[in-house]
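This briefing goes through the model by topic. Please keep the sequence and the coordinates open while reading.

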Amino acid sequence: MDVAEGFRCHREKIVDRWVEYVLSTYTSSGFFLKERDKFANPVGGNLREGLQKLFLLLSKGADPKEFTAPLEQIISIRSVQEFTPAQAVAPLNAVKHIVREVFEADKERKQLVDVLYDFEFNVDLAVLAAFDIYMKYRERLYQVRINEIRSGNHVLTDSKCPSNRLAGDNKGVIKGAL
Amino acid sequence: MSVTKLEQLSKSVVQGPSLATGAIPTRDWMDIPVKFKAGNYAYVAKKDKVEYLNSQSGLSFPNAREWSPEEDDWKLPEDWKEIILTGLKERLDKFRSLKIFMDCCVRCGACADKCHFFLGTGDPKNMPVLRAELLRSIYRNDFTLAGKLFGKMAGAREMTVGVLKEWFMYSYQCTECRRCSVFCPYGIDTAEVTMMIRELLHLVGIGINWILEPVSNSNRTGNHMGLQPHTFKDNVEFLVEDVESLTGVKPNISFNRKGAEILFITPSADVFAEPGLYTAMGYLLLFEAIGLDYTWSTYASEGGNFGLFTNNEAMKKLNAKMYAEAERLGVKYILGGECGHMWRVVHQYMETMNGPADFLEKPVSPITGTVFENAASSKMVHLSEFTADLIKHGKLKFDKSRNSHIKATFHDSCNPARAMGLIDEPRYILDHVVDWVEMPENTIREQTFCCGSGTGLNTDEIMELRMRSGLPRANAVKYVQEKHGVNMLSCVCAIDRATLTSLNDYWTPGVGVCGVTELVANAIVQEGETRGELEEGLRTMVF
């Protein structure tokens, strides 16, 4: 009986508990957990999908580069919600504890908790990657802000309009273009 | 990293229940105060803008001052509470709908999970039912017997500064998109509750600059940008030059021309900022192709009406300007461009506020003879209705391959879709001009998700909030981007064109935003054209 078999056997339970834990960081976790339509519940749906994919990769020891897609699905959302950077990525770490709990509760697989080093190392790599992704999305957000402030401006500042020479008054108004 | 016990992990990273996210609430919603911090509120209105508006005829915006939501003291008038309660009483007497909405909610929760703000934040106070409850609890306390007798047990609470702050926070976390009202079995229009809360806040000088400055500009020069007539004219003329250099066709335009058959009004952003510029170029090409007898106006140079986001007096005044100009020019009726909330004002409030517009005629298409019975009262026809009718009668010639660089989808803008039922016309147009696909069923048509930045929330200081409230829409766009290779999100609203651009830049880079008329003009074939291969349609750079 090896770890891979243990993961296969308990995958559903582990992922469910992980999803539940991650969604418990939201005030309305009940709804985010219950509604399974991804379009009616984008936070719950995307987090569930992302965690499912990520767990598969973690448990089979996939190349950490492959973590990026599911991590982006999760972290792009948490980057713009009211979390500190630590709060945004920390729930990913919970899967280590969940796996240990699940294996410990299974008499036949109890001994597997001693051979989880590779899996837990993968989780560490995923959490570190999540920090990078968090920053990537924060930077993207700032770029979106800059783009929006710029948009429309050039039309006014580069035009021949005489009111362009009037100081101040028009400048703040055009950004974002209503 | 060591293995962490779940409880410890929760404790160390989640210090306690935070407002929007963070943990399960441990207190009743009435006991959780709002906390303002940079990024979770839009900048408040500048003192001079409020002073100016307050000095204008027909408008009232008192208590102009310098203040900040982050400070404890909001510098309210001494008798603020009396002002609010008297204001509420006046509105309950004046607007029967408000009285009904206050009374008839049974808290069934059908609306609760339909709000894009709730879906993106998980904050219970963004459930439409609870957002309305912020006002309803005060109504119960002061205007119902049960509330007076049983207080909190009957869901009532006293009006306090804390409640006022809560109103400010959450009435500006609602875009009045009305998706929730589609699902309400009683037909409660929660957007109108938000409108009333915002009105009441203005009575004591609480409002945001991104709304009041455009209102002030519209009142002064006729458009949100505060641009003067010659600037408006210059910019439309620049677009004419662009169209000519791209297609060889020089659109014939006129301004403030008395005796024109039709007055054309569109959001000013179409004339001044990308990507709306291309939609405006589309208008010019389309009207030229059919030889429409129309005029632009440099006075009614704005279709948008940010008055809708402040109070009914400002909305009325800005709306009246369009009709006054139509009367002055002696046109037969008004043709409206691709705007969102302009259509809500025209279809739902114009008749009551400024109607009847009996100095205008029932709209008839001069090209097809179609009578627009649906606009018999408002005397204002939506460009998509007008264009769909032209196509139906074979009056336009298209080469769809001119849009072959585009795989489109269509975003139903909240107001045209839900406030005027404009759902099939844009789709009919798209069928003829571009290859396009629908987004998932529960995110389109009447159930469309808002861009997340309507009602004057399209300001950059609340970008995170906009990104999370726009997530439900972006999530559907992402789906069609991945599944069908969609690279263009078409829509019929100027705020959408600006805000969905930012939304896509964050969530779905590579998906552009355009107006439906831009796609029409890309595909249009007309006499005298000398256009070459325009690889990006009207967006092709020509040197």
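A residue is called buried if 20 or more other C-beta atoms lie within 10 Å of its own, the C-beta atoms being placed from the backbone. By that criterion, 14 of the 15 residues of H14(B) are buried, so the helix is mostly covered. The model is a predicted one.

**Helix H14 of chain B**
- The helix covers residues 276-290 of chain B.
- From first C-alpha to last, H14(B) reaches 22 Å, close to the 21 Å expected for its 15 residues at 1.5 Å a residue.

- In soluble globular proteins, nonpolar side chains tend to be buried together.
- The largest nonpolar core here has 209 residues, and Trp18(A) and Met281(B) have the most contacts inside it.
- H14(B) gives the most to this core, with 10 residues.
- Both domain 1 (24-207) and domain 2 (213-539) of chain B give residues to this core, so it lies between them.
- Leaving out residues up to four places away in sequence, Trp18(A) touches Leu51(A), Phe55(A), Ala94(A), Val95(A) and Ile98(A).

**Domains of chain B**
- Chain B is divided into domain 1 (24-207) and domain 2 (213-539), and their C-alpha centres lie 31 Å apart.
- Domain 1 of chain B puts 30 residues into the contact, and domain 2 of chain B puts in 32 residues.
- On the side of domain 1 that touches domain 2, the elements giving two or more residues are H2 (47-54), H5 (116-121), H9 (179-183) and H10 (190-203) of chain B.
- H5(B) gives the most to that side of domain 1, with 5 residues.
- The residues on that side of domain 1 divide into 11 nonpolar, 12 polar and 7 charged.

**Gly147 of chain B**
- Gly147(B) is in helix H7 (residues 145-150) of chain B.
- Gly147(B) counts as buried because it has 21 C-beta neighbours inside 10 Å.
- Not counting residues up to four places away in sequence, Gly147(B) touches Arg140(B), Asn141(B), Ala154(B) and Ala156(B).
- Asp123(B) is 24 residues from Gly147(B) along the chain, and their C-alpha atoms are separated by 26 Å.

**Chain A**
- Chain A has 9 helices and 0 strands.
- Of the 178 residues in chain A, 46% are buried.
- Among the contacts in chain A with a separation of 6 or more, 66% are between residues 24 or more positions apart.

Conventions: Residues numbered from 1 in each chain as written. Chains lettered and ligands numbered in written order. Predicted model: local features only at pLDDT ≥ 70, side-chain atom pairs only at ≥ 80, totals over all residues. Helix = DSSP H or I, 4+ residues; strand = E, 2+ residues; numbered from the N terminus. Expected span 1.5 Å × (residues − 1). Buried ≥ 20, exposed ≤ 12 C-beta atoms within 10 Å, placed from the backbone. Core = buried A, V, L, I, M, F, W, Y, C linked by C-beta atoms within 7 Å. Domains from an automatic or database assignment. Contact = placed C-beta atoms within 7 Å. Nonpolar A, V, L, I, M, F, W, Y, C, P; charged D, E, K, R; others polar.
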